[in-house]
Amino acid sequence: MFRFENPIYLWLLLLIPILALVRFWGWRQRIKKLRKFGDPTLLKELMPDISKVRPSLKFWLLQAALALLIVMLARPQMGTKISREKRHGIETIICLDISNSMLSEDVAPSRLQKSKMLVENLVDHFTNDKIGLIVFAGDAFVQLPITSDYVSAKMFLQNIEPSLIDMQGTDIARAISLASNSFTQQEKIGRAIIVITDGEDHEGGAQEAAETARKNGINVFILGVGDTNGSPIPDGEGGYMRDDRGEVVMTALNEAMCQEVAQAGQGKYIHVDNTSDAQETLNDALTKLQKGETDSVIYSEYDEQFQAFGILVLLLLIVEACILESQNPLTRKWSLFRRTTSSK
């Protein structure tokens, strides 16, 4: 398994196209200035030592070296030891609502950010359990298949934003149905679906989906995020979202619907506010589920791979230093000889 220990440094790769654009702009300005001095063909004859290809080649060699240095900073690693472990735990799939209403700030810092913090804390309490992650709005998809790799779970969690799903709305039934089909086939193990939402279900069928999950031995927990009194939705530009009539859109926690779905799924409804009570209640509820033996594949050792990239950087820098910006005298003489021969 290949991974980056510090993937945040990969954002520095954006410097590569920026530097390329700066160089292109400089090249265009240089061409404009040369044209003011005279005919380009005549200027080329007056400057026989100037090479068009070599400066570009040196630039792209340096660009490649910079890109490899950035990859080195991100610390590429390769999993070298695979171990299969028998663990006693449960399987939990988180269904996280990422509709626009989850941007509301009636729970600090926002409904969505509070939910992500809650899931991260939940993962920190897991030891022998498996976790999967599903995001949903008007549609739903698996963000992380069920796994024991908690590091990956946290990494995927940080990248979750409403922009991941174009179809807005809230289809809780779709999320529960997808989660029900995403567990492993192992027997005698506790399974739970945790739906984190503000309860604004636009599609219906959530209770039926929860009942189906319960019949398959899966408990459905609902974490209701938000205030029942309602709150506006930030538009990301300092204001709030408005409807077609220009009025501010208000979003409120539908607590009654959340409770009904949790009851249908034989789980528990938990209200998420600005305290840590929801976290403690959820942890207690999950510990009561049947714990079975799970078979987990773990990459337990990772080797650093930056050495290979370092060697490539060194080679690129050596090649770049050996290339002169002016034409090689021997090459220039050969070109003159060919021109003379062809003219005869």
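## A strand wrapped up inside the chain

Buried here means under 20% relative accessible area, exposed means over 50%, and partly exposed is in between, with a 1.4 Å probe and protein chains only. Keep in mind that this is a predicted model, where local features need pLDDT of at least 70, side-chain atom pairs count only at pLDDT 80 or more, and totals for chains, interfaces and linings use all residues. Residues are numbered from 1 along each chain as its sequence is written, and side-chain values use heavy atoms, with hydrogens and water left out.

Back to β6. R191, I193, V195 and T197 point one way from the strand, A192, I194 and I196 point the other way, and all are buried. The table shows both pairings.

| Strand pair | Sense and bridges | Example of bridge partners |
|---|---|---|
| β3 (residues 91-97) and β6 | parallel, 6 bridges | C95 and V195 |
| β6 and β7 (residues 218-225) | parallel, 7 bridges | R191 and I218 |

Zooming out, the chain has 11 helices and 11 strands. These are DSSP runs numbered from the N terminus: H or I of at least four residues for helices, E of at least two for strands. Of the 344 residues, 38% count as buried. The accessible surface comes to about 19900 Å², and 56% of that belongs to carbon and sulfur atoms; areas come from the Shrake-Rupley method with a 1.4 Å probe, and for residues only the protein chains shown count as cover. As for contacts (heavy atoms within 4.5 Å), among those between residues at least 6 apart in sequence, 81% join residues at least 24 apart.

Now the greasy parts. A nonpolar core is a set of buried Ala, Val, Leu, Ile, Met, Phe, Trp, Tyr and Cys residues joined through side-chain atoms within 4.5 Å. The largest one has 35 residues, and I94, I194, I196, L223, L282 and L286 have the most contacts inside it. Elements that each supply at least two residues of this core include β3, β6, β7 and α9 (277-287). The largest share, 5 residues, comes from α4. L223 touches L118, I194, V195, I196, T197, I270, V272 and L282, leaving out residues up to four places away in sequence. Apart from this core lies another, of 29 residues, with A140, A175, F183 and V195 among them.

R111 sits in helix α4 (residues 111-125) and is buried, with a relative accessible area of 0%. Beyond residues up to four places away in sequence, R111 touches a list that includes S101, D106, D198, D227 and T251. A polar atom of the R111 side chain lies 3.4 Å from the backbone oxygen of S101. A polar contact is a pair of N or O atoms within 3.5 Å; within protein, one must be able to donate a hydrogen and the other to accept it, and residues adjacent in sequence count only if both atoms are side-chain atoms.

R242, in the loop between β8 (231-232) and β9 (250-251), is exposed, with a relative accessible area of 54%. Leaving aside neighbours within four places in sequence, R242 is in contact with E247, V248 and V249. A polar atom of the R242 side chain lies 2.9 Å from the backbone oxygen of G246.

Technical notes. Two strands pair if DSSP finds at least two bridges between them.
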